[in-house]
Amino acid sequence: MTSSGVGLKFIATPLHTGSTGSRALGVLTLLAVGALLLFALVLSPPEISQGDAVRLFYVHVPSAIVSLYVAFGITLLGSVIYLRKQSVFWDLMAGAAAEVGVVFLGFTLLSGMLWGKPTWGTYWQWDPRQTSTAVSFVLYLGYLAVRKLDMDPTARSRRAAFLGIVSFFNLFIVRFSVQWWRGLHQGTTLNPLDMQMANIMLFTFFLGLLTMTLIFFWLLLHRFRVAWLEHQLAEISLEAAIAERRDEDDPGSSPALAAKGIS
Amino acid sequence: MWSDARLIAAKDLRIEMVSRVLTTQVLPFGLLVLIVFGFAISPDRQVVGGGRGDQTRAVLEQIAPGLFWLAVLFSTLLAIGHSFAVEAADGNLDALRMAGLDPAGIFIGKAAAVLAQLLVLELVLGVGALVFYGAPLANPVLLLLTMIVATIGIATAGILHAALAAGLRVRDTLVPLLLLPVLAPVLLGATLATEAALFGPASDGWPWFYGLAAFAVLYVGAGILAFGSLLEET
């Protein structure tokens with residue numbers, strides 16, 4: 001593939017999804033998960049007003065940050081580069097990032113609802129962040145639906161890249177308008193970002209952010225490699241099919257096909 | 001760009017004059033939506049105050065602005081779908097490009113034609129909502145301006161996202177999925193501005209009007225810049 005463009009080819013080189021680098025990343029991720037479990041569930045104290053529900057916050061907020069900013073940011077970046085350079089690498093990277101990002105955003109919604117039940121007394125509070133996250137979730141489901149369209153791959157990639165850019169801006173339009181809307185109707189509710197945090201809680205939060213980031217990149221790497229191998233396979237099958245047609249035509253040497261430049 | 005836009009808009013409106021899809025299908029559908037909302041919510045349900053004064057209001061009257069804009073959004077999906085259905089046959093979109101028309105012109109023309117049709121639809125549905133739901137009308141100017149800027153946003157975002165699904169078998173199911181989350185902010189802003197226009201005070205509505213105007217400007221700009229690259233392939 002000549003189209004990977006930047007010096008990131010090592011990401012796409014192996015013929016399977018695992019490599020020394022990804023295994024090292026996997027081990028590091030597992031260690032971080034272990035440390036996070038220790039700090040979040042054992043070493044850090046319950047919070048004054050939320051009690052043990054605060055422990056959800058160590059995975060809830062990091063997964064929101066990773067999906068909205070890191071994952072969809074990569075999708076934006078990949079889409080822009082694809083439109084400028086037609087790089088298959090970045091097209092697939094944008095798609096893989098959005099896919100993993102949607103999973104993280106779904107987890108954000110779920111953990112947010114689980115946090116809301118003991119804290120707000122209800123799973124769904126129409127909190128501005130909660131509401132705009134739900135709309136963003138559907139926005140990127142739409143992006144993934146476009147990536148799955150049954151059509152010419154180049155045209156599909158271009159449409160997806162366009163949507164990958166527009167959706168990132170829509171994220172902010174949605175967030176801004178929903179916040180403005182809810183701001184009119186209610187005072188401040190108890191919000192995960194407003195609370196006073198002891199040092200160990202702050203540390204645990206950053207550990208959570210690190211862990212979620214590691215998990216994200218581990219998943220991204222593997223998702224991307226699967227997409228990349230699928231792409232290679234499609235190219236190989238195409239070349240094989242073309243070669244087969246050539247062999248068919250050779251003995252007869254049809255002048256009609258030769259004139260069209262097919263044989 | 002502008003003369004091409006005029007050509008396209010005139011073409012689409014001429015097709016509508018002949019086929020009457022808006023008046024015989026989309027418009028009755030919109031009115032039907034307004035009526036079934038009445039079934040779903042019940043005209044007898046009352047609410048005291050509801051945030052505005054002490055008098056008892058029918059729930060339907062209270063939420064008339066939101067129901068009106070929902071009916072408009074649902075009808076929009078049909079109107080936008082139809083706007084691209086007329087181009088689907090015989091590779092019409094490619095033909096438009098090969099005729100040398102400016103893609104930005106095609107975008108503005110198609111959006112303008114949808115805008116004109118939606119404004120007519122909103123006028124009828126608006127009267128319908130006032131009649132069915134019995135809402136007052138405190139500030140017609142705000143209402144009219146809100147309708148215009150909100151509909152520019154709806155038409156341009158609609159054409160832009162419908163172009164993503166142009167020429168595909170799944171168009172009818174894909175466009176609502178793509179478009180509704182994008183238009184959610186418009187639904188919010190238009191509903192709140194309309195609430196202010198109906199029940200007052202109008203000063204609550206103007207900030208939302210400006211927000212809707214900003215959305216419209218963003219999408220007109222995005223369409224002019226990007227429509228060409230969306231049409232290029234197919």
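**Chains A and B: loops and interface**

B:Ser42 sits in the loop between α2 and β1 (46-48) of chain B, where helices (H or I, at least four residues) and strands (E, at least two) are DSSP runs numbered from the N terminus.

User: What kind of model is this, and how are residues numbered?
Analyst: This is a predicted model, in which local features need pLDDT of at least 70 and side-chain atom pairs count only at pLDDT 80 or more, while totals for chains, interfaces and linings use all residues. Residues are numbered from 1 along each chain as its sequence is written, chains are lettered from A and ligands numbered from 1 in the order in which they are written, and side-chain values use heavy atoms, with hydrogens and water left out.

User: Back to B:Ser42. What is the phi there?
Analyst: B:Ser42 has a positive phi of about 75 degrees, although it is not a glycine. Most residues other than glycine have a negative phi.

User: How accessible is B:Ser42?
Analyst: B:Ser42 counts as partly exposed because its relative accessibility is 24%. Buried means under 20% relative accessible area, exposed over 50%, and partly exposed in between (1.4 Å probe, protein chains only).

User: And B:Arg20, where does that lie?
Analyst: B:Arg20 lies in the loop between α1 (2-19) and α2 (21-41) of chain B. Its phi is near 55 degrees, a positive value in a residue other than glycine. B:Arg20 has 40% relative accessibility, so it counts as partly exposed.

User: Switching to chain A. How many helices and strands?
Analyst: Chain A has seven helices and zero strands. Buried residues make up 47% of its 263 residues.

User: How much area is buried between chain A and chain B?
Analyst: About 2,300 Å², with carbon and sulfur atoms giving 77% of that area. Buried area is the accessible area (1.4 Å probe) that two parts lose on being put together, summed over both.

User: How many residues does each chain bring to the contact?
Analyst: Chain A brings 26 residues and chain B brings 29, contact meaning heavy atoms within 4.5 Å.

User: Which residues form the salt bridge?
Analyst: A:Asp150 pairs with B:Arg169, and the closest N and O atoms are 3.6 Å apart. A salt bridge is a side-chain nitrogen of Lys or Arg within 4 Å of a carboxyl oxygen of Asp or Glu. The count between chain A and chain B is one salt bridge.

User: Which helices of chain A supply that side?
Analyst: α4 (128-147) and α5 (153-185) of chain A each supply at least two residues of the side that touches chain B. The largest share, 15 residues, comes from α5(A).
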